[in-house]
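Here is a short briefing on one protein structure. Have the sequence and the model open side by side as you read.

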Amino acid sequence: MHHGVDVAGTFPVTVPAKGVVTHIGYSARGGGNTVLISHGSIVTVYYHGYLATTLMLGQHVEVGDYIYTSGSTGASTGNHLHFEVRVGPAGNWGDTLNPEDYLGQGETDTVLKITGKLDKATWTALQTALKGHGLYTGTIDGIPGRLTYTALQRWSDAPETGKLDVATRKAVQRRIGVDDDGVWGSVTITELQGELHRGLAGIRKPEPVKVETVIERIIKPISAKLAAFFKMRKDLR
Ligand SMILES: [Zn+2]
């Protein structure tokens with residue numbers, strides 16, 4: 001099991017989200033020059049720096065701060081960055097997460113935490129994603145209102161009421177693939193947050209109608225009627 005992603009080359013590695021440096025190390029048989037940055041419940045780990053980082057332990061970092069240049073230190077045979085995303089109590093290594101879920105989010109101030117709670121950060125991420133799809137026209141403030149709910153309804157194909165009603169909650173649940181019981185508990189919110197990490201998918205295109213469906217719905221009933229008609233004619237003769 002490879003616990004992260006490797007990006008080949010020699011390039012400056014910068015901080016992707018606000019955080020605190022919680023570990024700086026060197027392992028000859030492991031990650032070489034290593035840096036660990038805590039972003040709250042999520043930590044990111046960087047291995048194989050060409051030289052040790054100039055960051056300091058406990059330093060608060062912002063998006064874009066320089067960590068180091070990728071290299072080939074430790075158990076490495078070529079210049080690359082090994083990047084990991086982990087979840088665990090602040091500062092601890094914790095378990096690895098799929099880094100792919102955290103890529104391609106662009107520059108953000110915070111990494112959306114998987115909390116299972118419908119907090120302000122989640123609404124902010126949701127508004128941002130819906131705006132990106134041209135569905136949300138309001139301000140990104142993390143405070144949901146009529147415009148946010150309407151955008152969510154357009155995204156999930158629910159009737160546009162501008163309210164977070166049961167129909168909308170169910171439609172969103174169907175959209176993210178959880179039981180559509182209309183109750184948004186921690187499972188639904190966790191999945192929704194995961195969906196936001198992966199980049200909220202756009203509006204689904206209608207599925208192409210399958211040939212089997214056409215036969216089943218149109219041709220079969222007609223042919224049954226035709227058969228009955230010809231049988232009737234035969235009977236009459
Ligand atoms: Zn690696």
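Which hand does the crossing of H1 and H2 have? The crossing is left-handed. Keep in mind that this is a predicted model.

**H1 against H2**

- Helix H1 covers residues 120–132, and it packs on H2 at an angle of about 60°.
- The axes of H1 and H2 lie 10 Å apart.
- Angles from 65 to 115 degrees would count as roughly perpendicular, and those under 35 as roughly parallel. H1 and H2 are therefore oblique to each other.
- H1 brings Trp-123, Gln-127 and Leu-130 to the contact. H2 answers with Thr-148, Ala-151, Leu-152 and Trp-155.
- Sorted by class, this contact of H1 with H2 has five nonpolar and two polar residues, and no charged ones.
- Residues three or four places apart in an α-helix point the same way, because there are 3.6 residues a turn. Look for that spacing in the H1 list: Trp-123, Gln-127, Leu-130.

**H2 against H3**

- Helix H2 spans residues 146–156, and helix H3 spans residues 166–176.
- Their axes are 9 Å apart and meet at an angle of about 45°.
- H2 and H3 are therefore oblique to each other.
- H2 passes H3 in a left-handed crossing.
- On the H2 side, the contact residues are Tyr-149, Leu-152, Gln-153 and Ser-156. On the H3 side, they are Thr-168, Ala-171, Val-172 and Arg-175.
- By class, four residues in the contact of H2 with H3 are nonpolar, three are polar and one is charged.

**The buried part of H2**

- Which residues of H2 are buried? They are Thr-148, Thr-150, Ala-151, Leu-152, Gln-153 and Trp-155.
- What do the buried residues of H2 pack against? They pack against H1 and H3.

**Two positive phi angles**

- Asp-157 is not a glycine, yet its phi is positive, at about 65°.
- Asp-157 sits in the loop between H2 and H3.
- Is Asp-157 buried or partly exposed? Asp-157 has 13 other C-beta atoms within 10 Å, so it is partly exposed.
- His-48 is not a glycine either, and its phi is positive at about 70°.
- His-48 belongs to strand S5, residues 42–49.
- The cut-off for a buried residue is 20 or more other C-beta atoms within 10 Å. His-48 has 26, so it is buried.

**Strand S3 and its partners**

- How many bridges join S3 to S4? Seven bridges do, and the two strands run antiparallel.
- S4 is made up of residues 32–38. A hairpin of four residues links S3 to S4.
- Within this pairing, Val-21 stands opposite Ile-37 in S4.
- S3 itself covers residues 19–27, and two bridges join S3 to S6, residues 60–61.
- S3 and S6 also run antiparallel.
- Gly-19 has Val-61 in S6 as its bridge partner.

Note on methods
Residues are numbered from 1 along each chain as its sequence is written. This is a predicted model: local features need pLDDT of at least 70, side-chain atom pairs count only at pLDDT 80 or more; totals for chains, interfaces and linings use all residues. Axes are lines fitted to C-alpha atoms, for helices over the stretch in contact, and angles run from 0 to 180 degrees between N-to-C directions. Angles under 35 degrees count as roughly parallel, over 145 as roughly antiparallel, 65 to 115 as roughly perpendicular and the rest as oblique. A crossing is left-handed if the near helix is turned anticlockwise from the far one by less than a right angle, and right-handed if clockwise. Two residues are in contact if their C-beta atoms, placed from the backbone, lie within 7 Å. Ala, Val, Leu, Ile, Met, Phe, Trp, Tyr, Cys and Pro count as nonpolar, Asp, Glu, Lys and Arg as charged, and the others, Gly among them, as polar. Two strands pair if DSSP finds at least two bridges between them. A residue is buried if 20 or more other C-beta atoms lie within 10 Å of its own, exposed if 12 or fewer, and partly exposed in between; C-beta atoms are placed from the backbone.
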